[in-house]
Amino acid sequence: MAVVLENHANISSDWSLHTDLLLDGGEGPSWRKHPAGFAFDDDILAELEQEDTLNAHARKELLYRTLHVRHPEVIKLKDTGYMAKHDYSLVVCPLDVDMPFSGRGAERGYIVWIYYEASRESLLHAALQTIGVRLADGIQKPVEKHNCSDYEQEVLYSKSPLVFTDQRYHAPSEKIKLDGCSYYPWAGRMTVK
């Protein structure tokens, strides 16, 4: 048996007219209410708004390359004006002067990770070549937004370039490893897995 409504004019989709029919003035059943003494924290709203703002400013696709460079190139790479102009960030790992691929003064070796936005890659290739750094020598890897280091998170959400210098001295027998690239100072070689 079907029920037919004859007077459709009385049906309203505005529930505010029917608050008398709602439990507890529209609050719903008691199990939906916040615990006693609970006050909705404005800080939570501020954090959510900040997270939305960060996500809006996050870099679309962040890439990095790992390279071996000498001291004069590191000085040029770390120039804050140059970094800002070409929009890249760095992790710099100095090699001990007694290690292979390193030495004293201008011969000092470094392993650097150069982070940049994918859309700027061709411009960055050309810019870094002018200071003696061949970006194409490093293997390109993407930064996974949900599976990356704290530093990479900072780079993703930062509006300005960042430099992190690894000040630890690495033993000659140690393997320096980051995301599949391994440098064996004692053997003087780098491998990528």
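1. The accessible surface of the protein chain comes to about 12700 Å², and carbon and sulfur atoms account for 53% of that area. Areas here follow the Shrake-Rupley method with a 1.4 Å probe, and for residues only the protein chains shown count as cover. Of the 193 residues, 33% count as buried (buried is under 20% relative accessible area, exposed over 50%, partly exposed in between; 1.4 Å probe, protein chains only).

2. A word on the basis: this is a predicted model, where local features need pLDDT of at least 70, side-chain atom pairs count only at pLDDT 80 or more, and totals for chains, interfaces and linings use all residues. Residues are numbered from 1 along each chain as its sequence is written, and side-chain values use heavy atoms, leaving out hydrogens and water.

3. Please keep confidence in mind. The chain averages a pLDDT (the predictor's confidence in each residue, from 0 to 100) of 74, and 55% of the residues score at least 70. Helix H2 (residues 71-77) has the highest mean, 95, and strand E8 (residues 189-192) the lowest, 53. Over residues 1-5 the pLDDT is below 50, and beyond near neighbours in sequence this stretch has one contact in the model (contact means heavy atoms within 4.5 Å).

4. The chain has five helices and eight strands (DSSP runs, numbered from the N terminus: helices are H or I with at least four residues, strands E with at least two). Among contacts between residues at least 6 apart in sequence, 66% join residues at least 24 apart.

5. Now to the salt bridges, of which the whole structure has three (a side-chain nitrogen of Lys or Arg within 4 Å of a carboxyl oxygen of Asp or Glu). Glutamate 121 pairs with arginine 65, with the closest N and O atoms 2.7 Å apart. Glutamate 121 belongs to helix H4 and arginine 65 to strand E1, so the bridge ties together parts that are 56 residues apart in sequence. Both residues are buried.

6. Arginine 70 and glutamate 107 form another salt bridge, at 3.9 Å from N to O. Arginine 70 is partly exposed, at 25% relative accessible area, and glutamate 107 is partly exposed too, at 46%. Arginine 134 and aspartate 137 also meet in a salt bridge, at 3.3 Å; arginine 134 is partly exposed, whereas aspartate 137 counts as exposed.

7. Do look at helix H5 (residues 150-157), whose buried residues are Tyr151, Glu152, Val155 and Leu156. They cover an arc of only 140° around the axis, which puts them on the same side of H5 (the arc is that of the directions from the helix axis to the C-beta atoms).
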